[in-house]
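Here's a quick tour of a structure, from its core out to its charged pairs. Have a look at it before reading on.

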Amino acid sequence: MRFWRKFNCTKMSAKAITEASGKDILNRHLNQNGAGAATCRFATVNANTDWSKLSVDHPWLLSTPLVVKPDQLIKRRGKLGLIGVKKSFEQVKQWIGERMNKDQKIGNAVGKLRNFIIEPFVPHSDAEEMYVCIYSHRTADTILFHHQGGVDIGDVDAKAVKLDVPVDNTLTLSDIKTVLLQKLTNASQKERVANFILALYKTFADLYFTYLEINPLVVTADNLYILDLAAKLDSTADFICRPKWGEIDYPPPFGRDAYPEEAYIADLDAKSGASLKLTILNRNGRIWTMVAGGGASVIYSDTICDLGAASELANYGEYSGAPSEQQTYEYAKTILNLMTSSPKHPDGKVLITGGGIANFTNVAATFQGIITALREFQPKLVEHNVSIFVRRAGPNYQEGLRRMREFGSTLGIPLHVFGPETHMTAICGMALGKRPIPQVASVEFSTANFLLPGGQQAQADLKAAAEASDELGADVSDGVANNHDHSNGANLNRKFFSNTTKSIVWGMQQRAVQSMLDFDFICRRDEPSVVAMVYPFTGDHKQKYYWGHKEILIPVYKKMSDAIHKHKEVDVMVNFASLRSAYDSTLEVLDFPQIRTVAIIAEGIPENMTRKLIIEANKKGVAIIGPATVGGVKPGCFKIGNTGGMLDNILHSKLYRPGSVAYVSRSGGMSNELNNIISKATDGVVEGIAIGGDRYPGSTFMDHILRYQADPEAKLLVLLGEVGGTEEYDVCTALKDGRITKPLVAWCIGTCASMFTSEVQFGHAGSCANSDQETATAKNKALRSAGAYVPDSFDTLGELIHQVYSELVKTGRIVPREEVPPPTVPMDYSWARELGLIRKPASFMTSICDERGQELIYAGMPISEVLNKDVGIGGVISLLWFQRCLPPYVCKFFEMCLMVTADHGPAVSGAHNTIVCARAGKDLVSSVVSGLLTIGDRFGGALDGSAKQFSEAYDTNLHPMEFVNKMRKEGKLIMGIGHRVKSINNPDVRVKIIKEFVMENFPQCPLLKYALEVEKITTSKKPNLILNVDGVIATAFVDMLRNCGSFTSEEAQEYINVGAINSLFVLGRSIGFIGHFMDQKRLKQGLYRHPWDDISYVIPEQYN
């Protein structure tokens, strides 16, 4: 029976798998490593299982005593009476039938039993049962072994023997026998068990397990049997291990059904570079959330639970990482559908659309997606009496909030909108009636200070003023250790950044680089902090950026070694590599001693890789910030990538000059919120680091807090911890033993986890409690006991920070500096235009297609509707050429014209040119263009001319005979009349088909009838002067324009005048030209040379 160590919530990376999945993986890989174990025989059963087929697929079911149990991540199944032992196949069917889809209460969770596993019963004694467990942590993998396993094992941590295998170390048989197997006295048994554990560990490491428990492992005289198994995989290693894992389903925790909406959002998340998460907690709850940011999503849930509404909280989730407008729309639509499809609530329902201050997500774009969804569900929102509360900030938030307010006035339900002037979680109290709703919010509409003409001189004046102010306090670069001295180690008390820090950026991240340069500029740095970029997918070149209003060039290198060797002053790398390449690129840079700090931005790096990076970095004295981080900021000196968001937020949070408060957080989004909170409560931030949301951050809370402790500029420390892990207890110890003497304000988010009846996937990989000690509540209590200042909730964090800061000012430990006016800064043209601050005449105008929104639009019709209505290529032509949906018979006419004009053999000039070019080795486009260039009055281009001639004659009431005589008198050919091969006696079938279709389907076709009268006259003179394909299409086209009811007479004439009719021939014949090109390539025809005997050489007899 499994013991399975306690988990209160599911991590994003380490995900539990079913027992069947775990045994299937071990069956395929364990014995390849020399385990010598029996193959696990099992069969799985659910409500749809065909029992007859099951017994055919697994014949042992009919001949062996069986064990049956649910396979739904349930712990202590034996203690709960959920294991049937020594049963026949019929008894197993009955046992499962009695429990299938029945409610089962386990702890506080109630769920239905739906999945079961059946295995052969293995006869054995209690003495043959053993316990083995392997789990990973930051510095090692721990193996637990106890010589007595089974259902009554009790406290494994107290009983089992432990063996730590440090990261990147090799486990040996000797280690296993000496440390783990001391209680096994039988030499043969010890050897077999040692070999099994060695093979199990190798499988654990190779296949990126994070947890693997077997209880019991039955060791008989002749075999080893894995009876009960619990396992977790590092799901971020899917791109490495999928061939070995196979298809893995990660089941929801027991007590929470897997909803199709959750699967839909998970699928969106997998296909997106953004992060989209959804967990349904209470389908009928009245409080629904749509929160931006992983850390913010936890804090909103905490606050709602703290306010006593845990039982009414309907969902947990988050959207972050700059999702597109369409992705945000899909996410919002899913939540609104859930909210309005559940029963109405007598008190109405609440939608909290919150978030911190975004670093790089365009708030206006995401809000547009939410607004579109709200508009779609407006009647249902009114029906369910929904109130909506919005709080958000970040890039372009002013426009986003304006749109939301404007839309709210038409929605018909209460919609309250707030920005960064309102505390992040204040809307929770408003929504629940615990806090008054301000009637008029003090909205800050400024977005950034412009650098106006003469601003460069003003900038110099401000810099001088700032330098004078700095003399009142410590110099921002005081005490910076020599960054090239490896003796300091990675995590000792050195400053990471100064106002002369130089960095290399890995990845083509133009927006992030420009953001860093703009920050440098407003901090009045003398030189940019980014001196080079590395991008291995292009050759060496230079990229253009702005330094203030001036343009500068930053070199981009293909090789890291070139960048390092040419820029010896660099000591920081900002790594934007993807999760697949971040490991290798970071390992590469660790080989260069001048690099002292590496920030890894990518989320989802496999945990084994991260742990190896940490070991290597520590060996070489390099500090790692991340992975899964936005980075960090040292006001007045340096910022990493997109940290701090847009310039308006940097100015608003006063990050352009140092303050007195140093903070460390896991969440990148929440670090920006901390910037805002600290700027309002104190004189601002002196340094802030987001260590990253992954389970194993490269640097820890303590690494940075001890740096801040040693930094004379940092007077007040702030820690924003999370549920999961034990790093906060290191801080408690340091507070108690005196290593931390500066005042510390601390809060751990995730207090809501203990209030949920089932496990919940929080936004960060490390947000998971493996024991009661790792809960946010326990850590907050321990921090308070150790002497930290701990608020009652995140809601009052800012107030507590202000209180402690005020005391430090009062006692003289902080002397606020004289405030320098915020610097001016130029704004990018593209951003200023997006904010609506400037306008400019467009260089182009278009009225047929728009690709900017949620989906492509053809003349007002979304592409999905184009496909769903099956308008065909004729319908697409009507939309893109004529900006309207034309009648079906017109669309059919277009398609017929394309078919009959697609080709006319290889001898015509256009096809001939295409063939010659193709045989000369030219590409498709060149060959087709050469054919198209022959289209004109003599070849194929007669449609426009024919339409003009016939329509002018008809419109001036010329009799057909008068028209023919007029053209003869003027010496002009009648376009659309005549054919080289076809005649009145050998008619062109194409003309016949189109003529009959037009006569039968067009409401009127006077011009075609007029042309047929002309044909009677011309064929009486010569039989091949028939109305040809060009003529019949041209006249029918004019009849369509004039008589289908979709065009005015002026519009119809305009299309004739602009040459639109010839478009059908150009489009149709392109099909044939492409066919000739492909035909020549397929036939592998060589270079064409025209034969001499087909050329008449007319050369003068002598040279004059």
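Predicted model: local features only at pLDDT ≥ 70, side-chain atom pairs only at ≥ 80, totals over all residues.

Let's start inside. The largest nonpolar core has 107 residues, and the members touching the most others are I352, V731, F794 and I801. Helix 16 (residues 510–522) gives the most to this core, namely seven residues.

Helix 10 (residues 325–341) runs for 17 residues and spans 24 Å from first C-alpha to last, close to the 24 Å expected at 1.5 Å a residue. Its buried residues include Y329, Y331, I335, L336 and M339, along with E330.

Now for the surface. L924, V925, V929, L933, I1074 and M1078 make up a nonpolar patch with about 540 Å² of accessible area together. Helix 31 (924–932) and helix 38 (1063–1082) each put in at least two residues, and helix 31 has the largest share, with three. V929 sits in helix 31 and is partly exposed, at 37% relative accessible area.

Helix 38 also holds Q1080, which counts as buried because its relative accessibility is 11%, below the 20% cut-off. Setting aside residues up to four places away in sequence, Q1080 touches I915, A918, R919 and Q1085. Q1080 and T914 are 166 residues apart in sequence, yet their C-alpha atoms are 9.5 Å apart.

On to charges: the count of salt bridges comes to 49. Here are three of them.

| Pair | N to O distance | Relative accessibility |
|---|---|---|
| R28 and D24 | 2.9 Å | R28 30%, D24 32% |
| D103 and K112 | 3.0 Å | D103 54%, K112 28% |
| E728 and K779 | 2.8 Å | E728 1%, K779 0% |

Why are R28 and D24 separated by about one helical turn? They are four residues apart in helix 1 (residues 19–29), so about one turn lies between them. In general, an α-helix has 3.6 residues a turn, so residues three or four places apart point the same way.

E728 and K779 form a salt bridge that links distant parts of the chain, from helix 23 (residues 727–737) to helix 24 (residues 776–786), 51 residues apart. E728 is buried, and so is K779.

Finally, salt bridges join E19, K23, K69, R77, E119 and D228 into a network.

Technical notes: Residues numbered from 1 in each chain as written. Heavy atoms only, no water. Core = buried A, V, L, I, M, F, W, Y, C linked by side-chain atoms within 4.5 Å. Buried < 20%, exposed > 50% of the residue type's maximum accessible area, 1.4 Å probe, protein only. Expected span 1.5 Å × (residues − 1). Patch = residues over 30% accessible without salt bridge, like charges linked within 9 Å, V, L, I, M, F, W, Y side chains within 5 Å. Areas by Shrake-Rupley, 256 points an atom, 1.4 Å probe, with all protein chains shown as cover. Salt bridge = Lys/Arg side-chain N within 4 Å of Asp/Glu carboxyl O. Contact = heavy atoms within 4.5 Å.
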